[in-house]
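Colleague: I have the sequence and the structure open. Could we go through the charged pairs and then the fold?

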Amino acid sequence: MSFGMELILDLGGCAPEAISDAETIRGYARELVRLIEMNPYGEPIVEHFGHNDPATSGYTLVQLIETSSVVGHFSEKLGRAYLNIFSCRRFDAELALRFSADWFGSDEIRQTLIVR
């Protein structure tokens, strides 16, 4: 028996305008949750911080869902998005991967799928 699944995505070559705009990141969270048929718990939280180091400076996203969370960290300097989609209810990981890569304009994808 498994408790759930977590999709870990490291996306490189992201479009600068996609990972450096809070509204674009909020829109991603809303659309992803709808697409993988989850129920959001509140609004997406998007904050820009990590300013002591250019590599860590960027937005962080937290979207609670009734079955767990979607978390993202975005490095504007590196052009990368680091995403974790975790749910105790199954979802289409390939759909989530393709959607995420397309939304952020990524040309490099590393993925790990963990069944917990």
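Colleague: What do the side chains of glutamate 6 and arginine 116 form?

Modeller: This is a predicted model. In it, the side chains of glutamate 6 and arginine 116 form a salt bridge, at 3.5 Å from N to O. The two residues belong to distant parts of the chain, 110 residues apart: glutamate 6 lies in strand β1 (residues 5-12), and arginine 116 in the segment after β6 (108-115).

Colleague: Is glutamate 6 buried or exposed?

Modeller: Glutamate 6 is buried, since its relative accessible area is 10% and the cut-off for buried is under 20%. Arginine 116, at 46%, is partly exposed.

Colleague: And which residue does aspartate 10 meet in a salt bridge?

Modeller: Aspartate 10 meets arginine 110, with 2.4 Å from N to O. This pair also links distant parts of the chain, as aspartate 10 is in strand β1 and arginine 110 in strand β6, 100 residues apart. Aspartate 10 is buried, with a relative accessible area of 14%, whereas arginine 110 counts as exposed at 54%.

Colleague: How many salt bridges are there by this rule?

Modeller: The count is 7 salt bridges. One further pair to look at is arginine 26 with glutamate 23, whose side chains meet at 2.7 Å, N to O.

Colleague: Why are arginine 26 and glutamate 23 separated by about one helical turn?

Modeller: Because arginine 26 and glutamate 23 are 3 residues apart in helix α2 (residues 22-35), about one helical turn lies between them. Arginine 26 is buried at 19% relative accessible area, and glutamate 23 is exposed at 51%.

Colleague: Let us stay with α2. What span does it reach from its first C-alpha to its last?

Modeller: Helix α2 has 14 residues and spans 20 Å between those two atoms, close to the 20 Å expected at 1.5 Å a residue. Just after α2, glutamate 37 has a positive phi of about 60°.

Colleague: Which residues of α2 are buried, and what do they pack against?

Modeller: The buried residues are Ala22, Ile25, Arg26, Gly27, Tyr28, Ala29, Leu32 and Val33. Their packing partners are the helices α1 (16-19) and α3 (93-103), together with the strands β2 (45-49), β3 (58-65), β4 (68-75) and β5 (80-87).

Colleague: Changing topic to the sheet: in what order do the strands run?

Modeller: The open sheet is formed by 6 strands in the order β2-β3-β4-β5-β1-β6, with antiparallel pairing. Strands β2 and β6 stand at the edges; each has a single partner strand, so one side of each lacks a neighbour in the sheet. From one strand to the next, the twist averages 10°.

Colleague: Over how many bridges do β4 and β5 pair?

Modeller: Strands β4 and β5 pair over 8 bridges, in the antiparallel sense.

Methods
Residues numbered from 1 in each chain as written. Predicted model: local features only at pLDDT ≥ 70, side-chain atom pairs only at ≥ 80, totals over all residues. Heavy atoms only, no water. Salt bridge = Lys/Arg side-chain N within 4 Å of Asp/Glu carboxyl O. Helix = DSSP H or I, 4+ residues; strand = E, 2+ residues; numbered from the N terminus. Buried < 20%, exposed > 50% of the residue type's maximum accessible area, 1.4 Å probe, protein only. Expected span 1.5 Å × (residues − 1). Contact = heavy atoms within 4.5 Å. Pairing = 2+ DSSP bridges. Axes fitted to C-alpha atoms, helices over the stretch in contact; angles between N-to-C directions.
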